[in-house]
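Please look over the sequence and the three-dimensional structure below before reading on. The briefing that follows takes up the contacts between chains, and then turns to features within single chains.

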Amino acid sequence: MSDQHLLLLAVFTPFAGALAIVLFRHWPNLRETVTLVTAAAVCLIVVTVFMRFSSDTLIAIDIAEPLPGLAIRFEVESLGMLFALVASVLWLVTSIYAIGYMRKHDEKNQTRFYAMFAIAIGCTLGIALAGNLFTLFLWYEMLTISTYPLVAHAGNKKARRGARTYLSILLGTSIGLLLPAILITYTITGSLDFQEGGILAGKLDPAWAGLLYALFIFGIGKAAVMPFHRWLPAAMVAPTPVSALLHAVAVVKAGVFTVLKVTIYIFGTDFITSSGANDWLIWFAGATILLASLIAMVQDNLKLRLAYSTISQLSYIVLGALLATNMGLLGGALHITMHAFAKITLFFAAGAILITTDKSNISDMGGLGRAMPVTFTAFLIGSLSIIGLPPFGGMWSKWYLGMGMVETGQWLLLAVLLFSSLLNIAYLLPVPVRGFFGKAKDGTEYVQIKEAPISCLLAMVFTSLASIVLFFYPGPFYELALDASGAR
Amino acid sequence: MIEQNLCLLLVVIPLIAAPVTAMLPAGRSPWLFTLVITWLCFALSIWQLTIVLDGSTISYELGGWAPPWGIEYHIDALNAFVALIVSGIAAITLPYALRTVEKEIQLQETSLFYALFLLCLVGLLGIAQTGDVFNLFVFLEISSLSSYVLIAMGKQRRALTAAYQYLIMGSIGATFLLIGIGLIYAETGTLNMQDLHQRLQPILDHRTVHTGFVFMVVGIALKLALFPLHLWLPNAYKYSPSAISVFLSATATKVAVYIMLRMVFTVFSTSFLKITHTEFIFLILGAFGVIVASMAAIVQHDLKRILAYSSIAQISYMVLGMGFASTLGITATVVHVFNHALMKGALFMAAGAIVYRVGSSRFENIYGIGRQMPWTFAAIFVSGLSLIGIPGTAGFISKWYFMLAALEQQAWLIAFVILLGSLLSVVYMWKIFEALFFHRLACTAPPVTEAPLSMMLPMWTLVLANIYFGINTELTVGVAETAVRLLGVTAYHE
Amino acid sequence: MIDIIIGHYNYWIVILLMMAGFYTVINRGNLIKKIAGLNIFQTSVFLLYISIGYVNEGTTPIIAEGFTRYANPLPHVLILTAIVVGVSTTALGLALVVRIKRAYGTIEEDEIHDKDMSL
């Protein structure tokens with residue numbers, strides 16, 4: 001199987017899987033098997049591509065050319081490889097989780113759920129493996145459209161309202177800001193190809209660079225930079241597997257991935273620093289980090305707290321990109337991986353709590369840790385990784401981000417970073433602490449262990465262990481991030 | 001022999017077929033006969049397009065009388081493209097029409113219905129083919145008159161008043177066009193488009209020429225439903241029979257766009273446009289049309305009305321393209337003529353399918369129907385995405401070119417209007433999606449089944465065409481670029 | 001000044017008729033009167049064409065001995081076509097009015113509008 005065709009296979013297998021899922025809709029067990037098999041297959045394909053990938057060989061394929069000079073092109077490079085690996089591995093894990101979740105919770109319309117899930121992952125891989133900005137934009141929009149039914153899954157008024165907010169902000173930013181940014185880039189340079197060192201240098205008057213960069217950053221609504229962040233908490237009406245994979249991993253990471261790609265391959269780090277395009281944007285990212293953390297602290301609903309935490313963490317990555325230094329980019333790229341594994345653990349735990357005990361507010365979860373020790377331990381591990389303490393993977397990304405700030409002399413931002421880490425502790429640790437050592441509000445005594453379904457536990461254990469393993473062996477992800485950021 | 005007379009056959013075949021159809025006994029036979037004729041025309045138009053695709057032109061003298069005294073059919077890529085669109089939509093509407101006509105038109109009137117359909121087709125094809133301005137007027141009136149009747153055949157009595165209003169406004173428009181033609185004829189003494197182009201050049205500053213131009217533009221604008229002359233369209237599209245909504249929405253106004261292009265750029269030339277600053281009028285009215293029509297669409301309570309206002313907005317986009325008066329702008333307009341025919345055709349087909357099953361297109365009667373008619377809903381969804389301009393669909397290609405044309409001229413305000421129009425279309429399309437799929441079922445609705453296959457297949461052909469032409473744009477963009485070149489439009493220079 | 005009025009009297013008549021017809025279409029609420037107005041409007045256009053076809057000291061455009069100047073026959077032909085179109089439009093409009101009367105019971109525009117709104 002030629003390398004190029006593997007790329008196509010990686011992106012389109014999930015779509016084939018979605019079709020099979022719909023065909024098998026009357027046989028739930030068969031249908032779930034299809035999901036697992038497809039997820040495993042995609043994982044295998046992506047890992048194979050990774051094995052064959054190296055930064056000097058070019059694996060690319062064009063499949064159509066809708067507009068003159070703009071092909072639908074798939075190409076592998078380090079950053080995309082990193083994202084693809086994260087997405088495909090975590091899809092497999094989330095599928096396992098979702099089966100247990102959906103059955104325990106007796107959710108309706110499960111076929112629609114699994115099918116749209118598969119399509120959404122296909123779109124995510126399309127983004128990861130996009131060879132030019134046009135292809136990336138195509139899959140970016142497809143991702144918004146395909147995740148809409150997932151967010152609105154419950155079908156009730158609340159879900160529809162949340163989904164409407166989700167869609168209006170994401171489509172509003174992408175059509176209103178991102179599309180013009182892409183068009184302006186095309187008009188100036190005549191191409192939308194990704195190139196080392198960017199395509200804008202020398203073609204764009206540096207005075208306008210800041211404005212164009214801002215159009216990109218705010219246009220990429222999936223990166224949830226304030227003030228275009230409201231879609232994330234609104235999307236929490238979705239079932240937890242959706243929140244876990246898509247809004248902790250796929251959708252949001254697609255956003256920051258796009259930010260990184262645009263920074264490295266469209267603008268080029270040299271152009272950004274020389275034109276000062278990032279001067280004032282850095283403060284938006286910094287403000288988002290801080291404000292989101294503060295808002296997270298006052299949320300009682302666990303999923304909402306995690307949502308704001310995600311917004312805050314995403315801006316870490318955006319900040320890494322905006323710093324436009326090797327260290328910053330390295331930290332940002334690495335954080336894609338670390339945050340993904342950690343956050344998904346937290347969401348898995350939140351979902352497990354929801355379906356086992358029907359509790360969604362933190363104030364109700366006192367003492368619950370004694371009844372659900374595995375869940376709360378996983379939550380603890382995920383929290384510690386996000387906070388950035390060793391021996392958890394999250395430490396590395398925070399380290400390099402911090403180094404990036406030191407490198408550029410951004411002392412205020414470093415302070416923001418450290419302060420927000422403290423805030424992370426404040427809003428994340430109380431959950432497991434109170435869970436293990438606290439007392440239930442209604443006086444229930446938790447003596448028996450009544451845990452979540454086994455598949456949910458398996459998923460949680462895997463991702464939390466991964467967070468630990470990634471500290472000691474960040475291997476492939478570190479190498480890829482190093483490549484992409486040019487810090488080698 | 002056929003090839004030599006090809007361009008005339010496209011008009012003559014349906015013209016002869018129309019009275020034949022009227023004489024056929026009511027029932028299936030008029031439908032079958034019309035189906036054969038429309039498919040024949042479609043095949044002929046494909047043949048014609050292949051001949052002129054490389055930029056060559058066909059020149060055909062009617063009756064052997066040499067132009068400029070005789071009527072000449074001068075076919076270039078643009079003519080052939082419009083003819084392709086018209087005959088293609090007709091061909092795909094016919095299989096669809098079988099069921100809806102059976103349900104909506106009384107049995108004894110079916111032969112007359114199909115005869116009128118063919119007459120409308122004659123008119124539209126004639127407009128696309130002809131190279132003589134008066135001939136164009138005649139064909140325009142043929143198509144308009146038959147469409148008035150076709151609209152009036154809708155089931156509700158409001159179809160009659162809608163047709164009447166369209167008749168009054170359409171006739172005024174056609175008469176304005178006639179006045180314009182008369183004034184131009186008075187100045188040049190010729191009616192042949194190519195000849196007019198030559199003879200008008202030295203006298204472009206004459207007031208009579210300017211007046212004639214104004215009358216023509218206003219007359220065509222009425223037919224085009226350009227804001228603010230669009231008032232006839234919503235009622236006409238809403239109350240006409242389903243098959244006619246499909247056919248007219250996808251062809252009639254597009255052909256009017258073609259007339260505008262031909263008159264403004266071939267007969268009068270681009271420089272005239274710039275001298276008279278007409279492009280500003282196009283830009284302003286187009287911009288207003290996009291905003292006003294999109295906002296009007298958002299507040300409607302009826303599916304077909306939303307689609308009608310959406311059509312007005314999309315036509316305003318095409319006029320914007322003309323206002324740019326550059327290669328990119330006109331390319332965008334021509335490409336959008338094709339793409340919009342696909343989008344709106346599919347959307348109106350789906351609306352017609354819903355009306356076929358439920359009997360109404362008002363939201364209060366069709367809430368939640370998408371869950372019972374999933375394939376129809378999926379068709380609305382994909383065509384709706386194309387309308388919004390999501391990449392991967394035909395609508396995105398049009399929007400891309402419009403935006404490029406605007407950015408090329410640094411017309412930031414117009415670029416903003418185009419994007420705003422897209423965002424507004426997201427609002428009204430999503431209103432449709434939510435109402436049809438997520439809403440509670442309307443309490444008055446008995447359970448319905450999916451649309452019949454004869455309606456589903458044409459619908460999905462158009463839907464898939466939307467996706468296909470969003471990925472493979474060789475035909476649409478290729479023809480548009482050839483057509484624009486031949487129109488004599490140049491790229492924008494500072 | 002006089003020359004402008006007298007010399008172009010045909011155009012003045014055309015303008016008069018055109019505006020009268022157009023005004024009738026817009027202002028009159030009765031559907032038949034609207035059609036009548038439309039007719040007047042279209043007739044003015046016919047007059048425009050025919051009057052501009054006149055060639056100074058030209059005779060009727062039938063080839064005859066001793067005449068070298070003929071009026072232009074083309075506008076006559078065009079107007080014959082246009083008259084046919086106008087007649088068809090009128091016939092169609094009146095047929096519609098008959099149907100409207102049958103369906104609504106009235107042919108006054110505002111009454112029809114009220115009936116539509118009240119439903």
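In this predicted model, the contact between chain A and chain B takes 32 residues from chain A and 26 residues from chain B, where contact means heavy atoms within 4.5 Å. Residues are numbered from 1 along each chain as its sequence is written, while chains are lettered from A and ligands numbered from 1 in the order in which they are written. Because the model is predicted, local features need pLDDT of at least 70 and side-chain atom pairs count only at pLDDT 80 or more, whereas totals for chains, interfaces and linings use all residues, and side-chain values use heavy atoms, with hydrogens and water left out.

**Chain A against chain B**

- Together, chain A and chain B bury about 2600 Å², and 80% of this lies on carbon and sulfur atoms; buried area is the accessible area (1.4 Å probe) that two parts lose on being put together, summed over both.
- One salt bridge is found across this interface, a salt bridge being a side-chain nitrogen of Lys or Arg within 4 Å of a carboxyl oxygen of Asp or Glu, and the side chains of Arg164(A) and Glu434(B) form a salt bridge at 2.8 Å, N to O.
- Three residue pairs are in polar contact between chain A and chain B, both residues at pLDDT 80 or more; a polar contact is a pair of N or O atoms within 3.5 Å, where within protein one must be able to donate a hydrogen and the other to accept it, and residues adjacent in sequence count only if both atoms are side-chain atoms.
- On the side of chain A that touches chain B, at least two residues each come from strand E1 (60–67), strand E2 (70–75), helix H5 (133–151) and helix H6 (157–189) of chain A, and H6(A) gives the most, with 14 residues; helices (H or I, at least four residues) and strands (E, at least two) are DSSP runs, numbered from the N terminus.

**Chain B against chain C**

- Of the two pairs of chains that touch, chains B and C have the most contacts, with 28 residues of chain B in contact with 36 residues of chain C.
- Chain B and chain C bury about 2900 Å² between them, 79% of it on carbon and sulfur atoms, and Arg157(B), Tyr164(B) and Tyr185(B) supply 25% of the area that chain B buries against chain C, more than any other three residues.
- Two salt bridges are found across this interface, and the side chains of Glu109(B) and Arg99(C) meet in a salt bridge at 3.7 Å, N to O.
- Chain A and chain C, by contrast, are joined by no contact, and their closest C-alpha atoms lie 31 Å apart.

**A covered helix in chain B**

- Helix H9 (residues 232–239) of chain B is mostly covered, with eight of its eight residues buried, where buried means under 20% relative accessible area, exposed over 50% and partly exposed in between (1.4 Å probe, protein chains only).
- The buried residues of H9(B) include Trp232(B), Pro234(B) and Tyr239(B), and what covers the buried residues includes helix H8 (207–224) and helix H10 (242–267) of chain B.

**The form of chain C**

- Chain C has five helices and zero strands, and its C-alpha trace spans about 70 × 35 × 10 Å along its principal axes.
- Buried residues make up 34% of the 119 residues in chain C.
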